[in-house]
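Trainee: I've got this one open and could use a hand. Let's go through it together.
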Amino acid sequence: MPSPPPEPLAPYSPEGEANGLRKIIHVDMDAFFASVEQRDNPALRGKPVAVGGSAGRGVVAAASYEARKFGVRSAMPSVTAKRKCPDLIFCSSRFDVYRSVSQQIREIFHHYTPLVEPLSLDEAYLDVTDDIRGIGSATRIAELIRTDILRETQLTASAGVSYNKFLAKLASDQNKPNGTCIIRPGQGAAFVQSLPIRRFHGVGPRGAEKMAKLGIETGADLATKDREFLRAHFGSFGDYLFRAARGIDLRPVRPHRIRKSLGGERTFREDIHEENALRETLDTIVELVWERIERAEARGKTVTLKLKYTDFQLITRARSLPRMVADKAEFSEIGHVLLNDLLPLPQPIRLMGLTLSNLEGADQAEEEDDSAQLSLL
């Protein structure tokens, strides 16, 4: 059982932001899509709501906090969500509305700093080291931003305030919904070490299982492992884990970073081989990846299918068009053609992924790697 966090919400002291460290805020809207639907339809307020398709192979794109109490989560098949919450109300995605609200929120961000790095429609990093409004502290700026968002959009946001991006993002999730968490200079390593390993970006269920076998269940356990040990067991990902366990992150906020690709992959708890199961899995990945593509208003020419066999052999197949992929149907069709060309598989697979690359018009975003892969767990 992880120990409690080291008083991240103790009274704030402006002196704690000194010493030349960056002042980073991560703002994350609370259940953004579902909250917009509840705002615009009063009959949905206080009820379990999911945004996404309710029929066939539909997938939950977002869930209200009322739905989350029943275990409903994004990326969950809609049939599973309905089984967990029989009273769940499904709403179709309205990306034009979400984008419009997102633009309102970004205008609020830019009132306080030009250094805004969106990750998606509903979250962003802000570097407020240069206090252009003379407000006095990053924490006060975060509170003003949350107040402005509520006034302008009638929606709540959570914020994390710290001295680097990694810690600010962790902090924004600490007191959700509608909360703020501060991790001051000197507190980062202790805060990270109090967390379960699943809170670390990039560590999925399979990764957590592997770590548990190595005696790593918390950030504190991870911090006892040296870089060589982590590289030996996790390859290049070990360098990230070594820094993360110590609360180290030197990445700047980059307002103009553009995604190189948008994709999603699924690691299976049990390896799969049967052709119908493979096709259904691909359909699920298509649904979620295309939703990300729509969020980012991206267009691309190249579709890449990735498979990892049970022996960890990784293969990829790609197809590029002379023009942009037209829509989700074409994206899906190309993915299925790539899969069909590989069938029957010589052995079962443990992972499948699909990516759109060679992008134009992608929204600015940051991920731990340039592939911007979404883990579908």
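Trainee: How much space lies in the second largest cavity?
Mentor: About 30 Å³. A cavity here is a set of points on a 1 Å grid, over the protein atoms alone, where a 1.4 Å probe fits but cannot get out, and a volume is the space filled by probe spheres set on points joined across faces, edges and corners. Keep in mind that this is a predicted model: local features need pLDDT of at least 70, side-chain atom pairs count only at pLDDT 80 or more, and totals for chains, interfaces and linings use all residues. Residues are numbered from 1 along each chain as its sequence is written, and side-chain values use heavy atoms, leaving out hydrogens and water.

Trainee: Which residues line the second largest cavity?
Mentor: Ser102, Ile105, Arg106, Phe109, Ser120, Leu121, Glu123 and Ala124, each with an atom within 4 Å of a point. The elements giving two or more residues to that lining are α4 (95–112) and β6, with α4 supplying the largest share, four residues. Helices (H or I, at least four residues) and strands (E, at least two) are DSSP runs, numbered from the N terminus.

Trainee: And by class, what does the lining of the second largest cavity have?
Mentor: Four nonpolar, two polar and two charged residues. Asp, Glu, Lys and Arg count as charged, Ala, Val, Leu, Ile, Met, Phe, Trp, Tyr, Cys and Pro as nonpolar, and the others, Gly among them, as polar.

Trainee: Which feature does UniProt place at Glu123?
Mentor: The unreviewed UniProt entry puts "active site" there. Positions follow the numbering used here, feature names are shortened, and annotations may be inferred rather than shown by experiment. Glu123 sits in strand β6 (residues 123–127).

Trainee: Why does Glu123 count as buried?
Mentor: Because its relative accessibility is 17%. Buried means under 20% relative accessible area, exposed over 50%, partly exposed in between (1.4 Å probe, protein chains only). Leaving aside residues up to four places away in sequence, Glu123 touches His26, Val27, Asp28, Pro118 and Lys169, where contact means heavy atoms within 4.5 Å.

Trainee: Where is Ser64 found?
Mentor: In the loop between β3 (60–63) and α2 (65–68). Ser64 counts as buried because its relative accessibility is 1%. Its side chain makes a polar contact with the side chain of Glu66 at 3.1 Å. A polar contact is a pair of N or O atoms within 3.5 Å; within protein, one must be able to donate a hydrogen and the other to accept it, and residues adjacent in sequence count only if both atoms are side-chain atoms.

Trainee: One more: what lies 2.9 Å from a polar atom of the Tyr240 side chain?
Mentor: The backbone oxygen of His201. Tyr240 belongs to helix α11 (residues 237–244).

Notes: On a 1 Å grid over the protein atoms alone, a cavity is a set of points where a 1.4 Å probe fits but cannot get out, and a pocket is an open set with protein on both sides within 12 Å along at least five of seven lines; lining residues have an atom within 4 Å of a point.
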